[in-house]
Amino acid sequence: MSDLTRISAAALAEKLTAKEVSSVEATQAHLDRIADVDGAIHAFLQVSGDAALATAADVDARRAAGESLHALAGVPIAVKDVVVTKGLETTAGSRILEGWIPPYDATLVERIKAAGLPILGKTNMDEFAMGSSTEHSAYGNTHNPWDLDRIPGGSGGGSAAAVAAYEAPLAIGTDTGGSIRQPAAVTGTVGVKPTYGGVSRYGLIALASSLDQAGPVTRTVLDSALLHELIGGHDPRDSTSIDEPLPALVAAAQQGAKADLTGVRVGVIRELQGEGYQPGVLARFEESLELLRGAGAQIVEVSCPHFTYALAAYYLILPAEASSNLAKFDGMRFGLRVVPEDNPTAERVMSATRGQGFGDEVKRRIILGTYALSAGYYDAYYGSAQKVRTLIQRDFTAAFEAADVLVSPTAPTTAFKLGEKLDDPLAMYLNDVATIPANLAGVPGLSLPSGLSDDGLPVGFQVLAPAKADDRLYRVGAALEALLENEWGGPLLLKAPELEVAR
Amino acid sequence: MSTLVDYDDAVTRYDTVIGIEVHVELGTVTKMFDGAPAGFGEEPNTSVTPVSLGLPGSLPVVNGKAVEYAIRIGLALNCSIAETCRFARKNYFYPDVPKNFQTSQYDEPIAYEGWVDVELDDGSIFRVEIERAHMEEDAGKNTHIGGSDGRIHGAEYSLVDYNRAGIPLVEIVTKPITGAGARAPEVARAYVQTLRDLFRALEVSEARMERGNVRADVNVSIRPTPNSPLGTRTETKNVNSFRSVERAVRYEVSRQAGVLDDGIAIIQETRHWHEDTGTTASGRVKSDAEDYRYFPEPDLVPIAPDRAWVEEIRAGLPELPAARRRRLQGEWGYADAEMRDVVNAGAVELIETTIAAGASPAAARKWWMGELARTAKQQEIELAELPVTPTQVGQLQKLVDDGRINDKLARQVLEGVLAGEGDPETVLVARGLEVVSDDGPLLEAIDAALAAQPDIAEKIRSGNLGPVGAIIGAVMKATRGQADAGRVRELLLERIGS
């Protein structure tokens, strides 16, 4: 077991800068780890070892030549398969894109490549990011490194599991209703959904355009800040991208690590606790609040009454947008094409391709969304949902007058067993009850590990901040991380069982 | 199947109401939502980016120039410009629509509530009320292979070219046009023509009908009297020439009158125009029309044109075609009919430039509406497409005015210019066509002609000037037309001492 896979991205970056290790060594160590454990975890859909090593060798050569490099240059990274990567198969977890090699890079991938981070491969996910367990992937389940019989969360279960299993120090996730934060919570890792518009969506295969946001998946808060600063910032190719500089995120994380929160007002959202939340989840949440109080934070209770309707509104807006975004998958220009034997008109090819190419959950949401947008139903469904969305935004605005950050458990429960909720979509949807409001309002959110529940599985703690104040997430997140690790005597992941090594 | 009613008969019993939707492709450098070139005639599927192909992950960005052009059109049509407006998605599956939705403006157009005055053939003015002008993107182009006439029916397979997908369009929708009565077909044609001229004057589009830069959908309904409620309308799609617009309205009036005469109700439907037969045929019935499931485009933010910018655009609008035509007609002294011919031939700019190059208005008109119009007609091209510039025509006329060539030689010089031999001066020198202005050779030719026709010479000497033409003709022939006939006459009369 190589040490290089166990240390944080920040620590690895320091070793690379100091030339204690090469990027080729660090990248090879992670590729070896993938070879060792990914048979059991199945975090990766594609491993791009040769390309990663080529990037690593290039970075090593540039470093040797004295070139000034990005702080994370040479640190390997995994990318969720919903993000398009030039020349590297991108499927979004769907059969309908099997074998599709994109001819272009997402903006965030361009930035990763420009900074010299070797891309280890593409991570598994629920098909088109629809799900909370990664069980809706067309390419098989990903297993939670804490317990291989359990889900790694979703939709970005692959990225979270890869980071938790030391297969990658950094990963990219996307979060439409919690797909970064909920997997982080159930795998004992850190995940951040930036402010909507904070990271370019250009090159993310869209699920719901008004909700989607890419962000970092890491093992430490500081690592997330480093990655967030790399991928974030204005992109003229995304009209919804914020045309302002990012706040100083790394500096906020470093300040937070000093664990002094004097004067910081932390608002506890009344509606995101109690019924439906596992007792162990609530207990860890309360303990974390005490630690924050101990660090000087002022804990206040806030009410966001319309959060009760968030899930219902979300499951109208998301399917509506998705039904339109997914229309382009029709077998005409790229990806799977199914040609029926009898009378293969364009319409019949489209129908056959979509019938075979999409999984059940995708079809369910396309049907829901098509219905919600239909003439005569639009006002009652999509229209009403947008009104609820406005009310939720107002709830946030009011709450942020009373508090600098808001907090809640990230997910109501720890990781459930594979298959447990597969036949009960509503139960599955409820996993995201605490994460969805941030997407509806466009505000940023972070999840970090806050301990183990009674079942010995990780629990996540969510921090929410006002739009464009992502720095607050990092300050409070890093403070709580420092306080908790002080209690635990190290990162929570040290308590995870060692995985069997295949070799 | 009801029979057609003669148009003149139909309009005695029915009142026609029309409505016209005109799509114009904007002449921007790039497409509506991406950086692909918005050109014409490129190899199929080369003017594309991930955005115009609708590849997964791609996102639209609004072309600011297209918004400016749309505002220009809106202002020229006396519309209000929206303080804020949005794009929406019009969802429908068709292979030429790469995303399977068209990004278009739906309930929030950039320009609304305007009007435009249309000049009819007799010089009278008809005001058309504008409902809205909105922005959208064009679709790709399907080619069906293996069937008859390139139609999808019976085709073995189809090809799609996405070069046109994403070209910016502005769609202009009229309010129902009432009060045109029997002249509705003419109003429809004149309206589309007026818009075409407007687009060119505004420099927002080349507006070439034959390239499909301007396309019209024509709605027609008829009713017993102007006071009756509106009848059921049909929409005839993609009528792509002025003449066809007029014919399509006439045809629909005749057809609908026949249907109503038989006591049958008009079906609200989309109809297709058949240029070859001059008829429309039933397309899809509107009651089965797809539900487009419009909703606001979440990948774009609302457009809120700054008021100062709108005013800047307004201040920068060029003189509009109608006003300009009135001014030029006055300056050039053309009769109404002459001016109309010039306008209809698309020769206003050509004549203007020719005049600027030194020709008189009468001479400029003579060239463009005479010799050049005939040549263009023979070659079945537009005047502007002839390989001669208005400046060259001006130069040609100057050679005539300076007496260096006569009209006949001028036509030969023009022939040379059209053949690509260069400017008029170059052609004149190269072909050796200059008028012989040296009297010596002319006198020699006169003497020779007189000697060759002694009878005529005698008559002239005796004071009978009737046959001088025969001598002049002989001289012209001898000098291969390069003599100034007037000068030959002068010299001849001097020579015989009369």
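Modeller: By a nonpolar core I mean a set of buried Ala, Val, Leu, Ile, Met, Phe, Trp, Tyr and Cys residues joined through C-beta atoms within 7 Å. Keep in mind that this is a predicted model. The largest such core has 243 residues, and the members that touch the most others are Ile77(A), Ala70(B) and Ile110(B). Helix H3 of chain B, residues 184-201, gives this core its largest share, 10 residues. There's also a second, separate core of 41 residues, with Ala359(B), Trp368(B), Val435(B) and Ile460(B) among them.

Let's zoom in on Ile77(A). Leaving out residues up to four places away in sequence, Ile77(A) touches Ile112(A), Leu117(A), Ile119(A), Leu120(A), Ala168(A), Leu170(A), Ala171(A) and Ile172(A).

Now look at Val83(A), which sits in the loop between strand E2 (77-80) and helix H4 (107-114) of chain A. Val83(A) has 27 C-beta neighbours inside 10 Å, so it counts as buried, the cut-off being 20 or more. Beyond its neighbours within four places in sequence, Val83(A) is in contact with Ala106(A), Leu108(A), Val109(A), Ile172(A), Gly203(A), Leu204(A) and Ala214(A).

In chain A, helix H8 (residues 249-256) and helix H16 (residues 470-488) have axes that come within 7 Å and cross at roughly 25°. That angle makes H8(A) roughly parallel to H16(A), and the crossing is right-handed. The residues of this contact divide into seven nonpolar, three polar and three charged. Among those on the H8(A) side are Leu249(A) and Ala252(A), while the H16(A) side includes Tyr474(A) and Arg475(A).

In chain B, helix H16 (residues 468-478) and helix H17 (residues 485-495) pack at about 120°, with axes 10 Å apart. That makes H16(B) oblique to H17(B). Val468(B), Ile471(B), Ile472(B), Val475(B) and Met476(B) of H16(B) meet Ala485(B), Val488(B), Arg489(B) and Leu492(B) of H17(B). By class, this contact has eight nonpolar, no polar and one charged residues.

Terms used:
Residues are numbered from 1 along each chain as its sequence is written. Chains are lettered from A and ligands numbered from 1 in the order in which they are written. This is a predicted model: local features need pLDDT of at least 70, side-chain atom pairs count only at pLDDT 80 or more; totals for chains, interfaces and linings use all residues. Helices (H or I, at least four residues) and strands (E, at least two) are DSSP runs, numbered from the N terminus. A residue is buried if 20 or more other C-beta atoms lie within 10 Å of its own, exposed if 12 or fewer, and partly exposed in between; C-beta atoms are placed from the backbone. Two residues are in contact if their C-beta atoms, placed from the backbone, lie within 7 Å. Axes are lines fitted to C-alpha atoms, for helices over the stretch in contact, and angles run from 0 to 180 degrees between N-to-C directions. Angles under 35 degrees count as roughly parallel, over 145 as roughly antiparallel, 65 to 115 as roughly perpendicular and the rest as oblique. A crossing is left-handed if the near helix is turned anticlockwise from the far one by less than a right angle, and right-handed if clockwise. Ala, Val, Leu, Ile, Met, Phe, Trp, Tyr, Cys and Pro count as nonpolar, Asp, Glu, Lys and Arg as charged, and the others, Gly among them, as polar.
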